[in-house]
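Me: I'd like to go through a protein model step by step and see how its pieces pack. Could you take my questions one at a time?

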Amino acid sequence: MDEPTRTMDTYAAQAKFEAADTWHGFKQLLPLSFFVGAFGLAFGLAAAQAGLSNGAIALMSALVFAGTSQFAALDMWSIQVPLLPLMITTFAINARHLLMGATLYPWLRYLPPTQRYGLMLFASDANWALAMQSFYKGERALGILFGGGLAIWSCWMLGTGIGLYFGSAIEDPFSIGLDMVLGCFLLAMALGGRKDGRTLVIWLVAGSSAMLAYWWLPANSHVVVGALSGGLLGAFWMEKSEPKHETAQEQDKP
């Protein structure tokens, strides 16, 4: 193991999972979560119109917790559900979580399995971006990841429930620009992260690949193509310099 990797591994081992940090992460992502709730409302309405029972709709939102793949599943829903195509579509849309999990692994590997996988159940684009930005700034608080995910999940579930009964309040969230909120948040997280030539090239490759796939490949494949192209480039183009993190002794100094 080389020195930069050893340093990062030692630093990640100091990550902690505490209630105060969970509350902090919850508060940070709660404003964005209200917009996610609006999409949950739209999903609840669409799922009810597709003929799903209230229990099935609530269970899908609670366990799947992935708006895009859930809407894609509704598009394929019929009396005879095409199970294999449905599984492939859901996996393709959510394949980016494989790379998200890989980036979080150094921070989660020292936790007990119940905590590790419990945290990943609430991982989404927004709280992953917030957590990674915090980690690279020197935070060791895993509660930011969990608290942010809990805020998004709670509002998604609340929106789904409201959509089952009052969904007509927002029939088309895209018409008022709600679909842009999460994208703008993730862009802000990206701009607030590392600023170096390597990071810029990785973002450009991932973005360009995703756009090309969006234009030329089947629906939703751009998510997988963009994530894989950027992730693979980052994996093969390793950093040569040691990450600029404070040591544990420096963190504890008054």
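Here are some questions and answers on helix packing, aromatic rings and one histidine.

Me: Before we start, what kind of model is this?

Reply: Residues are numbered from 1 along each chain as its sequence is written, and side-chain values use heavy atoms, with hydrogens and water left out. Local features need pLDDT of at least 70, side-chain atom pairs count only at pLDDT 80 or more, and totals for chains, interfaces and linings use all residues, since what you have here is a predicted model.

Me: Are H6 and H8 roughly parallel or roughly antiparallel?

Reply: Helices here are DSSP runs (H or I, at least four residues), numbered from the N terminus. Helix H6 covers residues 96-108 and helix H8 residues 125-136, and they pack at about 30° with their axes 11 Å apart. Axes are lines fitted to C-alpha atoms over the stretch in contact, and angles run from 0 to 180 degrees between N-to-C directions. Angles under 35 degrees count as roughly parallel and over 145 as roughly antiparallel, so H6 and H8 are roughly parallel.

Me: How many nonpolar residues are in the contact of H6 with H8?

Reply: Contact means heavy atoms within 4.5 Å. On the H6 side you'll find Arg96, Met100, Thr103, Leu104 and Trp107, facing Asp125, Trp128, Met132 and Phe135 of H8. Ala, Val, Leu, Ile, Met, Phe, Trp, Tyr, Cys and Pro count as nonpolar, Asp, Glu, Lys and Arg as charged, and the others, Gly among them, as polar. By that scheme the contact has two charged, one polar and, to finish, six nonpolar.

Me: And how is H8 oriented against helix H9, roughly parallel or roughly antiparallel?

Reply: H9 spans residues 143-166, and its axis comes within 8 Å of the H8 axis, crossing at roughly 160°. Therefore H8 and H9 are roughly antiparallel.

Me: How many charged residues does the contact of H8 with H9 have?

Reply: H8 brings Ala126, Asn127, Trp128, Leu130, Ala131 and Ser134, while H9 brings Ile144, Leu145, Gly148, Gly149 and Ile152. Sorted by class, that's seven nonpolar, four polar and no charged residues.

Me: Which kind of aromatic pair do Trp107 and Phe135 form?

Reply: Rings of Phe, Tyr and Trp (its six-membered ring) pair if their centres lie within 6.5 Å; planes under 30 degrees apart count as stacked, over 60 as edge-to-face and the rest as tilted. There are six aromatic pairs by this rule. For Trp107 and Phe135, the centres are 4.4 Å apart and the planes 20° apart, so the pair is stacked.

Me: Is Phe135 buried or exposed?

Reply: Buried means under 20% relative accessible area, exposed over 50%, and partly exposed in between (1.4 Å probe, protein chains only). The relative accessible area of Phe135 is 0%, so Phe135 is buried.

Me: What type of pair do the rings of Phe122 and Phe146 make?

Reply: Their centres are 5.4 Å apart. The planes sit at 90°, so the pair is edge-to-face.

Me: Last one: is His222 buried, partly exposed or exposed?

Reply: You'll find His222 in helix H12, residues 221-236. Leaving aside neighbours within four places in sequence, His222 touches Ala210, Ala213 and Tyr214. Its relative accessible area is 24%, so His222 is partly exposed.

How values were computed: Helices (H or I, at least four residues) and strands (E, at least two) are DSSP runs, numbered from the N terminus. Angles under 35 degrees count as roughly parallel, over 145 as roughly antiparallel, 65 to 115 as roughly perpendicular and the rest as oblique.
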